[in-house]
Amino acid sequence: MKDFIALLVEQSRLQSIAINPALDDALTHLDHALAGLCAAVQVEFHGPYVGVETPLAHQMVVRQHEWKIHQPAWSMKICVAAPEANCRAEWPIQGVSRLRKALVVKALPAFFAGFAEAIKQAGKQDTSAGQRVLELSRRFNS
């Protein structure tokens with residue numbers, strides 16, 4: 001299989017993103033990778049907005065989500081951004097609509113740049129998971 005990060009980096013730089021099974025597969029792999037990285041660093045981060053209805057309706061958020069009832073776990077999910085929603089997780093990155101999927105892929109460079117900065121500010125950049133997030137930020141933003 002082609003390196004899923006390379007595919008996402010490439011797609012994030014294109015004017016028109018190809019929404020297809022390969023992209024879905026890459027986003028699924030990224031979701032699983034992020035679950036492990038987020039659990040290891042445990043740094044909350046409110047990333048780029050990816051709202052379709054209005055730009056600020058949904059946001060990429062790293063925190064301890066209760067994605068499965070009574071099983072909170074650290075991960076990145078697309079969340080309702082309204083303050084009263086308390087960052088309620090709506091979708092994993094591969095589970096969003098076609099229109100939002102393009103917004104998510106375009107937001108990945110900003111997401112990783114911001115998440116890497118949050119990890120540095122938390123003093124966790126020297127952990128193996130922190131180093132991996134910094135490397136992902138470099139790949140998406142080079």
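**Exercise 1. Work out where Ser75 sits and what surrounds it.**

Start with the neighbours: leaving out residues up to four places away in sequence, Ser75 touches Ala35, Cys38, Val61, Val62, Arg63 and His65. Touching, or contact, here means heavy atoms within 4.5 Å. Before going on, a word on the model: it is predicted, so local features need pLDDT of at least 70 and side-chain atom pairs count only at pLDDT 80 or more, while totals for chains, interfaces and linings use all residues. Residues are numbered from 1 along each chain as its sequence is written, and side-chain values use heavy atoms, with hydrogens and water left out.

Next, the element: Ser75 belongs to strand E3 (residues 71-80). Strands (E, at least two residues) and helices (H or I, at least four) are DSSP runs, numbered from the N terminus.

The cut-offs are under 20% relative accessible area for buried, over 50% for exposed, and partly exposed in between (1.4 Å probe, protein chains only).

Gly36 lies in helix H2 and, at 44% relative accessibility, is partly exposed.

**Exercise 2. Describe how helix H1 packs against H3 and against H4.**

Take H3 first. H1 (residues 4-12) and H3 (residues 98-121) pack at about 100°, with axes 8 Å apart. Axes are lines fitted to C-alpha atoms, for helices over the stretch in contact, and angles run from 0 to 180 degrees between N-to-C directions. So H1 is roughly perpendicular to H3. The classes are: under 35 degrees roughly parallel, over 145 roughly antiparallel, 65 to 115 roughly perpendicular, and the rest oblique. From H1, Leu8, Gln11 and Ser12 meet Val105, Lys106, Leu108 and Pro109 of H3.

Now H4. H1 and H4 pack at an angle of about 40°, their axes 9 Å apart, and the pair is therefore oblique. On the H1 side the residues are Ile5, Ala6, Leu8, Val9 and Ser12, and they meet Arg132, Leu136, Arg139 and Phe140 in H4.

**Exercise 3. Which residues of H4 are buried, and what covers them?**

List them: Ala129, Gly130, Val133, Leu134, Leu136, Ser137 and Phe140 are the buried residues of H4. Look down the axis of H4: these residues fall within an arc of 155° (taken over directions from the helix axis to the C-beta atoms), so they line one face of the helix. The cover over them includes H1, H2 (21-41) and H3.

**Exercise 4. What is phi for His70 and for Cys87?**

His70 has phi near 60°, a positive value in a residue other than glycine. His70 sits in the loop between E2 (58-68) and E3 and is exposed, with a relative accessible area of 69%. Cys87 is not a glycine either, and its phi is positive at about 55°. Cys87 sits in the loop between E3 and E4 and is buried, at 16% relative accessibility.
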